[in-house]
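Keep the picture open while you read, and try to find each residue as it comes up.

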Amino acid sequence: MFKRNKAFDLEEVLDGCLRQKASAQKQLFEQYYGFAKSIALRYAANPDEAQEMVNDGFLKVFSKIDMYDRDKIFESWFKTVIVRTCIDHYRKHMSKAGLVSIEDLHYLQYDDNLLERITAEEILDLIQQLPPSYRMVFSLFVVEGYSHAEIAKMMGINEGTSRSNLAKARMKMKEMVKVYMMDVKECNDV
């Protein structure tokens with residue numbers, strides 16, 4: 001969960017951002033950079049791509065700051081802007097060739113308990129190895145909690161494709177975790 005610096009006055013900074021003051025924008029960037037980066041890393045293939053998403057996200061935050069409803073929690077609005085920026089980045093840079101139809105889906109079993117045996121950083125590294133369409137659906141569904149209907153609408157795909165890509169992502173994650181765990185075991189046995 002995000003923790004704001006106690007000396008940080010969000011209302012004052014937001015007022016400055018509304019007036020397009022560079023110093024306020026810098027404060028907001030410095031305060032929320034780590035939060036934005038942690039979100040973008042779940043959607044990006046690598047840290048450089050995540051950085052691009054973060055930069056684009058902050059540009060959107062600064063240009064749409066007047067749309068933020070101050071009666072709502074800022075972090076929720078901010079997170080939504082960053083997630084949607086990541087989706088926009090995906091749409092702009094990825095072809096739909098990696099999408100799988102529900103008709104191609106066969107009965108798949110997965111063991112989510114495998115993911116409990118490794119660290120969050122190791123899981124993030126594995127998520128970044130997923131094909132882009134799998135990574136997007138996996139992150140949106142598993143991490144962010146969006147429904148398949150919401151994912152389908154955001155990504156411009158049908159719900160069946162979202163379900164299929166999630167199942168395939170889970171299977172791929174299971175395979176990668178097994179390989180990773182075997183590699184760790186071999187290193188420990190040496």
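## Starting with Phe74

Let's begin at one side chain. Leaving out residues up to four places away in sequence, Phe74 touches Leu10, Leu14, Leu28, Tyr32, Ile65 and Tyr68. You'll find Phe74 in helix α4. Is Phe74 buried or exposed? Its relative accessibility is 1%, so Phe74 counts as buried.

One of those neighbours shows how the chain folds back on itself. Phe74 and Leu14 are 60 residues apart along the chain, yet their C-alpha atoms are separated by 9.8 Å. Keep in mind that this is a predicted model.

## The whole chain

Now zoom out. The protein chain has eight helices and zero strands, so if you read the elements from the N terminus on, you get α-α-α-α-α-α-α-α. The chain has 190 residues, and 42% of them count as buried.

How much of the contact comes from residues 24 or more positions apart? Take the contacts with a separation of 6 or more: 71% of them join residues 24 or more positions apart. Ser38 gives you another pair to look for. Ser38 itself is partly exposed, because its relative accessible area is 33%, which falls between the 20% limit for buried and the 50% limit for exposed.

## Helix α4 and its neighbours

Back to the helix that holds Phe74. α4 has 20 residues and spans 29 Å from its first C-alpha to its last, close to the 28 Å expected at 1.5 Å a residue. Its buried residues are Phe74, Glu75, Trp77, Phe78, Val81, Ile82, Val83, Thr85, Cys86, Ile87, His89 and Tyr90. These pack against α1, α2, α3, α6 and α7.

Look at α2 and α4 together. How do you describe a pair like this? Two packed helices are described by the angle between their axes and the distance between the axes. For α2 and α4, the angle is about 50 degrees and the axes are 10 Å apart. That angle makes α2 oblique to α4, and α2 passes α4 in a right-handed crossing. On the α2 side, the contact is made by Leu28, Tyr32, Phe35, Ala36, Ile39 and Ala40; on the α4 side, by Phe74, Glu75, Phe78, Lys79, Ile82, Val83 and Cys86.

## Helix α3

Next comes α3, which covers residues 47-63. This helix has 17 residues and reaches 24 Å from first C-alpha to last, close to the 24 Å expected.

Which residues of α3 are buried? They are Glu49, Ala50, Met53, Val54, Gly57, Phe58, Val61 and Phe62. The cover over them includes α1, α2, α4 and α6.

## Where α6 meets α7

The axes of α6 and α7 come within 10 Å and cross at roughly 135 degrees. These two helices are therefore oblique to each other, and their crossing is right-handed. From α6, Ser133, Met136, Val137, Leu140 and Phe141 meet His148, Ile151, Met154 and Met155 of α7.

Some of those residues turn up again around Ser162, in helix α8. Setting aside residues up to four places away in sequence, Ser162 touches Val137, His148, Ile151 and Ile157. With His148 there is also a polar contact, side chain to side chain, at 2.7 Å. Ser162 counts as buried, because its relative accessibility is 0%.

Finish with Gln20, which sits in the loop between α1 and α2. What stands out about its phi? It is near 60 degrees, a positive value in a residue other than glycine. For background, most residues other than glycine have a negative phi. Gln20 is also exposed, with a relative accessible area of 63%.

Conventions. Residues numbered from 1 in each chain as written. Predicted model: local features only at pLDDT ≥ 70, side-chain atom pairs only at ≥ 80, totals over all residues. Heavy atoms only, no water. Helix = DSSP H or I, 4+ residues; strand = E, 2+ residues; numbered from the N terminus. Expected span 1.5 Å × (residues − 1). Buried < 20%, exposed > 50% of the residue type's maximum accessible area, 1.4 Å probe, protein only. Contact = heavy atoms within 4.5 Å. Axes fitted to C-alpha atoms, helices over the stretch in contact; angles between N-to-C directions. Parallel < 35°, antiparallel > 145°, perpendicular 65-115°, else oblique. Left-handed = near helix turned anticlockwise from the far one by under 90°. Polar contact = N/O pair within 3.5 Å; in protein donor to acceptor, adjacent residues only side chain to side chain.
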